[in-house]
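Take a look at the model shown below. The report after it goes through the contact between the chains, then the parts within a chain.

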2 protein chains.
Amino acid sequence: MALSEFELIERYFAGRRAVAPNVLLGIGDDCALLKVPPGMTLAVSVDTSIAGVHFPDDMSPADVGYRSLAVNLSDLAAMGAQPSWFTLALTISRADEAWLSEFSAGLFELAERFSLPLVGGDVTRGPLSISIQVGGLIPDGKALLRSGARAGDAVYATGSLGDAAAALALRGDAQAGPSHRELFGRLHRPTPRIEAGMVLRDLASACIDVSDGLVADLGHVLKRSGVGARIELQCLPRSAAFRELAEQFAEPDALVLGGGDDYELCCTVPPEREVLLQARFAELQCPITRIGRVEAEPGLRCVDARGEDVPLRDAGYRHF
Amino acid sequence: MALSEFELIERYFAGRRAVAPNVLLGIGDDCALLKVPPGMTLAVSVDTSIAGVHFPDDMSPADVGYRSLAVNLSDLAAMGAQPSWFTLALTISRADEAWLSEFSAGLFELAERFSLPLVGGDVTRGPLSISIQVGGLIPDGKALLRSGARAGDAVYATGSLGDAAAALALRGDAQAGPSHRELFGRLHRPTPRIEAGMVLRDLASACIDVSDGLVADLGHVLKRSGVGARIELQCLPRSAAFRELAEQFAEPDALVLGGGDDYELCCTVPPEREVLLQARFAELQCPITRIGRVEAEPGLRCVDARGEDVPLRDAGYRHF
């Protein structure tokens, strides 16, 4: 039985109405109505995920739902925003109820972790594409920009780098041990570093999320800030799973330096705040690692354990 | 020469940075940063337009750009909101510079009419799809909802109905006179009734935009308000172009009752405000026509000039 667009929205999406303090009106009218409390700034971001481009065609519908929201929340994390609401523009080739049921389960699993209400959207027919817009709140003047890095600041990264790229490199490899599964979990269900971003509001001078790879994303911060940086290859954080499987990768360092899709935060921190940063992240139980230093000379440089330059490729995913 | 995503955004989109009072930060960081002034509510809507579904494959890129934004602004109009900003998630199969140049020209032609800044977005590779999200502002408590219609209210429609559906019915007809061109203009470049919506904030009890056809959209208002209505077929506003070409259509009344894509406003108005409504719309030089009356009995009824019931089909575009 074919579902109408209205039935489909009611069954899989509108029924998940969340009560949220700043939502006056959610799904069901021409617009959602939202409040932004006094003293707060609204942060908005939109990202589209397309099968075969942003996620593998064989990813489970639940992971597609989870990941599509996670990559948007990661943009809020990078600004230090607290998630407030989201909208969903979903394009699907047909009203496949099993797919919709799993997709919405994965989507709302993550949404509910942040008590994030779906306030509006649109379901249309066409090739699978998920466009999500998130809104978040930041105290006025506290947003983490890309443009604030200064020479002398330390460069930090949360969590570990290269895991998602490693999972893509392992694809098709049948030896699925626990480390494999951990890396695939990082690709399929990345953790948006929301709490870390909110803590960094009072500590970091600049911040970005690592979606296109460390070299590309840190490069955006440096360019926007008019500075450069030197990072140390042996300091880049690698997970235990990554290290266990590293010999299977043709170029493990390239995965850590250039691999995208980790959705960790990379930030710059003035030296006088580094002690406080370590203490706050210990409280948060979120790993954070110093990977280098901001320098006045533009450009990004990387040195290995012997202090020799590591050549950096023009990295980052290119759509066109 | 292939453009990177960053070059493409810079060349066709980010360069059109508008200065706008409530935009603290536009394109270029992880999120846009926006203010909502005290006493104002934020209205947000998202709509996706897909080639071959929401617009004909042969529509000019400039019209695609114009129309994709217009249909979103129409949702703001239906709530009585003043447009404040928009984001664009654009999926294109390749970086065709001629297409992008024309698309962005059409998009910004309409955006600039409302001094509407593009504050963020995403360009990805895939089958052509345009997902736009708009944000608008409404004084607290003044939003026009679908749920406020009461028995005894008059039902009004702005402009004329059936024009866009008539253009679709004429498609392929080579006799392209001025009336043809006018109807195609209504399909390709619908006018979002922003000013009318803002005036209706103080006058209407309920409002919706006619995107799926009068029967379907007025039906949403009636259902949400728990009432019914009787409309008069001969009162439904038809444009001069429509009337001139009416004999070419197999069922002209069906186009007026059920044709979508006109993006006029349909609203309900308490009788004591009707005189003021007429005066305010005369000032605005926006046509508005009384088409019927809200009744306590649920359901939508339509009568012809002889007072006989006109059968209504379950109208509205069905995606699935």
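## Where the chains meet

This is a predicted model. The contact draws 55 residues from chain A and 55 residues from chain B. Several elements of chain A each supply at least two residues of the side that touches chain B. The helices among them are α1 (5-12) and α2 (61-79). The strands include β2 (32-34), β3 (40-50), β4 (82-92) and β5 (118-125). Strands β6 (129-139) and β8 (206-209) also belong to this list.

β3(A) provides the largest share of the side of chain A that touches chain B, at 9 residues. By class, that side has 29 nonpolar, 14 polar and 12 charged residues.

## A strand pair across the contact

β3(A) also takes part in pairing between the chains. It is joined to strand β2 (residues 32-34) of chain B by 3 bridges. The two strands run antiparallel. Within this pair, A:Ala43 stands opposite B:Leu33 in β2(B).

## How the copies are related

Two copies of a chain are related by a rotation about an axis and a shift along it.

## Two domains in chain A

Chain A is divided into domain 1 (5-139) and domain 2 (154-303). The C-alpha centres of these two domains of chain A lie 26 Å apart. In chain A, 17 residues of domain 1 are in contact with 17 residues of domain 2.

On the side of domain 1 of chain A that touches domain 2 of chain A, α2 and β4 each supply at least two residues. α2(A) gives the most to this side, with 12 residues. By class, the side has 11 nonpolar, 3 polar and 3 charged residues.

## Strands around β11 of chain A

Strand β11 (residues 288-295) of chain A pairs with strand β7 (residues 154-158) of chain A. They run in the antiparallel sense, over 5 bridges. A:Ala154 has A:Arg293 as its bridge partner in β11(A).

Strand β9 (residues 228-232) of chain A is joined to β11(A) as well, by 4 bridges. This pair also runs antiparallel. Here A:Gly228 has A:Glu295 as its bridge partner in β11(A).

## Helix α2 of chain B

Helix α2 (residues 61-79) of chain B has 19 residues. From its first C-alpha to its last, it reaches 28 Å. That is close to the 27 Å expected at 1.5 Å a residue.

Is α2(B) mostly covered or mostly open? It is mostly covered, with 17 of its 19 residues buried. B:Gly80 follows α2(B), and its phi is positive, near 85°.

## A buried leucine in a loop

B:Leu144 is found in the loop between β6 (129-139) and β7 (154-158) of chain B. Is B:Leu144 buried or exposed? It has 29 other C-beta atoms within 10 Å, so it is buried; the cut-off for that is 20 or more.

Which residues are in contact with B:Leu144, leaving aside its neighbours within four places in sequence? Among them are B:Ala78, B:Met79 and B:Gly80. The contacts also include B:Leu200, B:Arg201 and B:Cys207. B:Leu144 and B:Ala206 are 62 residues apart in sequence, yet 5.7 Å apart in space, C-alpha to C-alpha.

Note on methods: Residues are numbered from 1 along each chain as its sequence is written. Chains are lettered from A and ligands numbered from 1 in the order in which they are written. This is a predicted model: local features need pLDDT of at least 70, side-chain atom pairs count only at pLDDT 80 or more; totals for chains, interfaces and linings use all residues. Two residues are in contact if their C-beta atoms, placed from the backbone, lie within 7 Å. Ala, Val, Leu, Ile, Met, Phe, Trp, Tyr, Cys and Pro count as nonpolar, Asp, Glu, Lys and Arg as charged, and the others, Gly among them, as polar. Two strands pair if DSSP finds at least two bridges between them. The expected span of a helix is 1.5 Å times one less than its number of residues. A residue is buried if 20 or more other C-beta atoms lie within 10 Å of its own, exposed if 12 or fewer, and partly exposed in between; C-beta atoms are placed from the backbone. Domain bounds come from an automatic or database domain assignment.
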